[in-house]
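Hi,

Here is the model I promised to send over. Please have a look at it, and read my notes below when you have a moment.

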Amino acid sequence: PTRRSSDLKHFVFKRNIERAEWKPSSKLPAPWDEAILEWQPPAFAKAKGTTPGMDLLEMFEQLGFILLGGVEDEDKDSQQLHVDVAREILSRLTSRRARCLLGLQYLGNLGAAGFLPYLGYLGMTSCDNGFPMHVHFLWVAYMCFTSSVSILFLRYLGGNRASAFCKQFRWRMLFRVLGTFILLTDTYQDATFPVIASKCHFSLWFVSAWLVILGVGVMQVLVQVSMMISCVVNYHLARMPEERDRWLVQGAFMTLRGSDNFVLVYAD
């Protein structure tokens, strides 16, 4: 059935075949026939999708819950709560305000991971004194801030049931905050290593700097930004409202994944 393009409540990325049939074709030699496949509109497919890079995190989560004796959030009521909050988030995720907030968080994470190592470079006087500890404390403070922002995003986008969702899935939320902390801190450590190597007069410090530029700057940031730009371009080139909705949500998901906002990724 046809739905309005503004109704994004059933959006996921995996599409299903809606109709498949064969019909004779005069353009092809026998016994070949023409196959007709009709896909579900991408904005309204109902099959469960997965986000790239989340499988490993979910595996560790399940392992941890098994060791802890499990958690009581897999009953039908909890699953329905998750679905309701996900629908609310997806229906609001394409608003201009939501996209601006997600973009600011993405830029803030990149800025903190790049500026704080530079601040440490200015404050590191010698190799014996080590990297300034107050810079590490600033990073921990920023991580607490951006994690709180992710929770606030969930409360803002999740609708009336977001509070109950956070309470019901608190351990899963905490696990994803920890995952965000680890991955963003990995980027921060990648940027601090060339600083320490340079101040300690390591002769090959420029190799580590080049690896950071190539591995983080090009392979992560540049690729992510390029994919976000492609979503914007495809949005403007799209002719159908459903297709434009799909590119809007896909761009928002790319921003979430790029900023390692696992809280909202899980809620969706």
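Residues 1-18 of this predicted model have a pLDDT that stays under 50, and the model gives them 55 contacts beyond four places in sequence. Residues 39-50 are also below 50 in pLDDT, with 40 contacts in the model beyond near neighbours in sequence. For the protein chain, the average pLDDT is 77, and 75% of the residues score at least 70. Among its elements, the lowest mean pLDDT, 51, belongs to strand β2 (residues 34-39), while helix α4 (residues 133-157) has the highest, at 92.

From first C-alpha to last, its 25 residues reach 36 Å, close to the 36 Å expected at 1.5 Å a residue. Which of its residues are buried? The list for α4 is Val135, Trp139, Tyr142, Met143, Thr146, Ser147, Val149, Ser150, Phe153, Leu154 and Leu157. As a reminder for reading that list, an α-helix has 3.6 residues a turn, so residues three or four places apart point the same way. After α4 comes glycine 159, with a positive phi near 80 degrees.

I also looked at threonine 192, which sits in helix α6 (residues 170-199). Is threonine 192 buried or exposed? Its relative accessibility is 6%, so threonine 192 counts as buried, the cut-off being under 20%. Setting aside neighbours within four places in sequence, threonine 192 is in contact with Pro117 and Phe131.

Best wishes

Definitions and conventions
Residues numbered from 1 in each chain as written. Predicted model: local features only at pLDDT ≥ 70, side-chain atom pairs only at ≥ 80, totals over all residues. Heavy atoms only, no water. Helix = DSSP H or I, 4+ residues; strand = E, 2+ residues; numbered from the N terminus. Buried < 20%, exposed > 50% of the residue type's maximum accessible area, 1.4 Å probe, protein only. Contact = heavy atoms within 4.5 Å. pLDDT = per-residue confidence, 0-100. Expected span 1.5 Å × (residues − 1).
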